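Colleague: Could you put the model up? I'd like to go through a few features.

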Amino acid sequence: MKASQYLISTLKEVPSDAEVASHILLLRAGFIRKIASGIYNWLPMGFRVLKKVEAIVREEMDASGALEVIMPVVQPGELWEESGRWGEYDEGLLLKFSDRHQRDFCLGPTHEEVITELARNELRSHRQLPVNLYQIQTKFRDETRPRFGLLRAREFVMKDAYSFHLDEDSLAKTYQIMHDTYSRILDRLNLEYRAVLADSGSIGGNASVEFHVLAESGEDVIAFSSDSTYAANLEKAQSLIPEAETDDPQPQAEVETPGMHSIDDVSALLKVDATRTVKTLIVKAEPSAESAATKLVALVLRGDHQLNEVKAGNLPGLSAPLMFASDADVRAATGADPGSIGPVGLDLPCYVDHSAAALSNFICGANRNNVHLTNVNWQRDVGAHEVADLRNVVAGDASPDGEGTLSFKRGIEVGHIFQLGRKYSTPMNATVLDDNGKAVTMIMGCYGMGVTRLVAAIIEQYHDEKGMIWPTIVAPFHVIIIPINAHKSPDVASVADDLYQSLTSAGVEVLLDNREGHRPGAKFADAELMGIPHRLVVGDRGLKDGVVEYANRSTGDSENLSVGDVVSVISGRVNKEI
């Protein structure tokens, strides 16, 4: 491709609303342009990268045995009513509208309902199972706060796949195949990533794993073991359950704590470490059909730990999403303000975190303002309670598999695989006939990967102060040729054009920057900004010695190549990298 015939729209200034590297560089390099909040046009240079990423995803999905389909972006609301998600999906992310006949529709954020409707109509016999159907298609999620460019956009391209099975064993096999497929995709993209245990969220199901590209700009925190393969999203991460302390119980006592409402305040006043205290949080129970009154539940954690709201929200009997009781509700239920609450004598259902449950002779609120209790012990002083995992893990916690300690990194979620079970097939009556002619509800798996998000994630790992550094396999062009003052030198123009034609014939994707009116320095800056892996500079000075200058965008290495060797050397390097 010749730059004079191509749309190159680079910017010198950093866009004011761009925060992370991928957003800044995609805009500056002219790969995307914002049309509305979280919605972007893809320009020719960016579209080339997007299609290459998409092609790798498609190749690996096809190799896994999955079958490609395409489903509509616009989905009937009645299907979402069938599944029960019409009024529930992720707090308003579902963009709903009515057609001229006042029928409900939505723009698809995901396609569980549509694929289940397809499967129940097309799959009749267990002999057609297992089957894994996928698409690469536009999605829309009405994000409250789109940000970070393609990392949290409202409209995006996603690969989503859905498998159907007769039994759990079959689902487990496909789930592992998809785990391996995602790993191959990310390996081919040369990304540093981790597969981590995750919460299933609004998609549902019994098990799920997220694939995170490691980057400081990532929105998710990943906990991983120093000595094993254990890794989990913070919302799911666990630590080794501590052994219960065996200190002899000391006499319980009341202490005055005037104006002390936080763990830090109480710890400082009583000159104890926060690890010797517990804090009690009051949340709302799941609404009951038998009673209109709001019921409350107590959650107890060690004083230095933080509540993991995802874990707590998954406990039986609690409201979903998790809702904290108001100060007035707390006072009515306990007789004290928040900050003075404790588990002793508390007439509420109670969940206690493992770390708090391991303590003896600890300090807690007395359920009276400005009073705390010391030397409290669970068995002696506290009524019925249930022990559960409630907290966020912290750095240095023992890994739950007993191997090593936990550390943290930030990650960009680019893929998520789920074992859905019958969450959708049961309410939507998706069945097949078994060997005995009996209708059996199919078991489902779901496997999503963000294609546009992958483009941004690659940049987050591959960039420097000059611009993007694309791995050759997804670069918009493999090589850029920059002729110096070709308008003044017939030799430069001729050699540059010959190299362009020869490399193109050898299967190398070449951009010949033959733009007039652009100084060499501006062309070099654009090449670096756009991240093209290999650069050839053709100038009179080099041609006098029969060479052109070569530079590698990733390593910064440069060398002179004989004009006669350029095609074989460059094509060899490109083929090796893709």
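Colleague: How much space lies in the second largest pocket?

Modeller: About 370 Å³. This is a predicted model, where local features need pLDDT of at least 70, side-chain atom pairs count only at pLDDT 80 or more, and totals for chains, interfaces and linings use all residues. Residues are numbered from 1 along each chain as its sequence is written, and side-chain values use heavy atoms, without hydrogens and water. A pocket is an open set of points on a 1 Å grid over the protein atoms alone, where a 1.4 Å probe fits, with protein on both sides within 12 Å along at least five of seven lines. The volume is the space filled by probe spheres set on the points.

Colleague: Which residues are closest to its centre?

Modeller: Ala486, His487, Asn514, Arg515 and Lys523, out of 18 lining residues, meaning those with an atom within 4 Å of a point.

Colleague: And which element gives the most to the lining?

Modeller: Helix α12, with three residues. Helices here are DSSP runs of H or I with at least four residues, and strands are runs of E with at least two.

Colleague: New topic. What is the strand order in the open sheet of three?

Modeller: β4-β6-β5, with antiparallel pairing. Two strands pair if DSSP finds at least two bridges between them. The edge strands are β4 (74-76) and β5 (96-98).

Colleague: How many bridges join β5 and β6?

Modeller: Three. In β6, Phe105 is the bridge partner of Phe97.
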